[in-house]
Amino acid sequence: MAEAATKLSWDEIKRTYPNEWVVLLDYELDGDIPVNGVVVDHGAVKRDLYKRLHGINGEWFVLYTGKMRRGLVMGGLCVVDLEDPDPA
């Protein structure tokens, strides 16, 4: 699950993990949106990430790096409701 502890910009994250869900720790915000962070997990299936998140301590963001077919997209970032891991 653990990736290298290198903080990446959002553009670097999108290039490195195209069309995937990513889990960020140690992120910096611009308003309410992370602009960089350390990727600690990633994958094509959001539900699989949520199953693995139980062992991650700290505040984290789950974001999608591609274009969304549905969901809330803000500034190119998909912000997922962490209380509802599978929103409509």
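In the predicted model, T65 touches W10, I13, K14, Y17, P18, N19, E20 and V22, leaving aside residues up to four places away in sequence; a contact here means heavy atoms within 4.5 Å. T65 is found in the loop between β4 and β5 (73-74). Helices (H or I, at least four residues) and strands (E, at least two) are DSSP runs, numbered from the N terminus. With a relative accessible area of 9%, T65 is buried; buried means under 20% relative accessible area, exposed over 50%, and partly exposed in between (1.4 Å probe, protein chains only). The side chain of T65 reaches the backbone nitrogen of N19 at 2.8 Å. A polar atom of the T65 side chain also lies 2.9 Å from the backbone nitrogen of E20. Polar contacts of this kind are pairs of N or O atoms within 3.5 Å; within protein, one atom must be able to donate a hydrogen and the other to accept it, and residues adjacent in sequence count only if both atoms are side-chain atoms.

N19 itself lies in the loop between α1 (10-16) and β2. At 48% relative accessibility, N19 counts as partly exposed. The phi angle of N19 is near 55 degrees, a positive value in a residue other than glycine. D26, which is not a glycine either, has a positive phi of about 50 degrees; D26 is found in strand β2.

Residues are numbered from 1 along each chain as its sequence is written. As the model is predicted, local features need pLDDT of at least 70 and side-chain atom pairs count only at pLDDT 80 or more, while totals for chains, interfaces and linings use all residues; side-chain values use heavy atoms, with hydrogens and water left out.

The protein holds 2 helices and 6 strands, which follow the pattern β-α-β-β-α-β-β-β along the sequence. Of its 88 residues, 40% count as buried. Among contacts between residues at least 6 apart in sequence, 60% join residues at least 24 apart. The accessible surface comes to about 5500 Å², and 49% of this belongs to carbon and sulfur atoms; the areas come from the Shrake-Rupley method with a 1.4 Å probe, and for residues only the protein chains shown count as cover.

Strand pairing was assigned where DSSP finds at least two bridges between two strands. β2 and β3 run antiparallel and are joined by 8 bridges. The bridge partner of W21 in β3 is G43. β2 and β3 form a hairpin with 2 residues between them, and G31 in the turn has a positive phi of about 75 degrees. Strand β1 (residues 7-9) is also antiparallel to β3, with 3 bridges joining the two; K7 stands opposite V38 in β3. β3 is mostly covered, as 9 of its 11 residues are buried. I33 lies in strand β3 and is buried, with a relative accessible area of 16%. I33 and L63 are 30 residues apart in sequence, and their C-alpha atoms are 10.0 Å apart in space.

In soluble globular proteins, nonpolar side chains tend to be buried together. A nonpolar core is defined as a set of buried Ala, Val, Leu, Ile, Met, Phe, Trp, Tyr and Cys residues joined through side-chain atoms within 4.5 Å. The largest nonpolar core has 12 residues: W21, V23, L25, V38, V40, L49, Y50, L53, I56, W60, V62 and Y64. Two or more residues of this core come from each of β2 (21-30), β3 (33-43), α2 (46-52) and β4 (61-64). β2 gives the largest share, 3 residues. A second, separate core of 10 residues includes W10, V22, L24 and F61.

The structure holds 3 aromatic pairs. Rings of Phe, Tyr and Trp (its six-membered ring) pair if their centres lie within 6.5 Å; planes under 30 degrees apart count as stacked, over 60 as edge-to-face and the rest as tilted. The rings of W21 and Y64 are tilted, because their planes stand at 50 degrees, with centres 4.9 Å apart. W21 lies in strand β2 and Y64 in strand β4, so this pair ties together parts that are 43 residues apart in sequence. W21 is buried at 8% relative accessible area, and Y64 is buried at 14%. The rings of Y27 and F61 have their centres 4.8 Å apart and their planes at 85 degrees, so this pair is edge-to-face. The pair links distant parts of the chain, with Y27 in strand β2 and F61 in strand β4, 34 residues apart. Both Y27 and F61 are buried.
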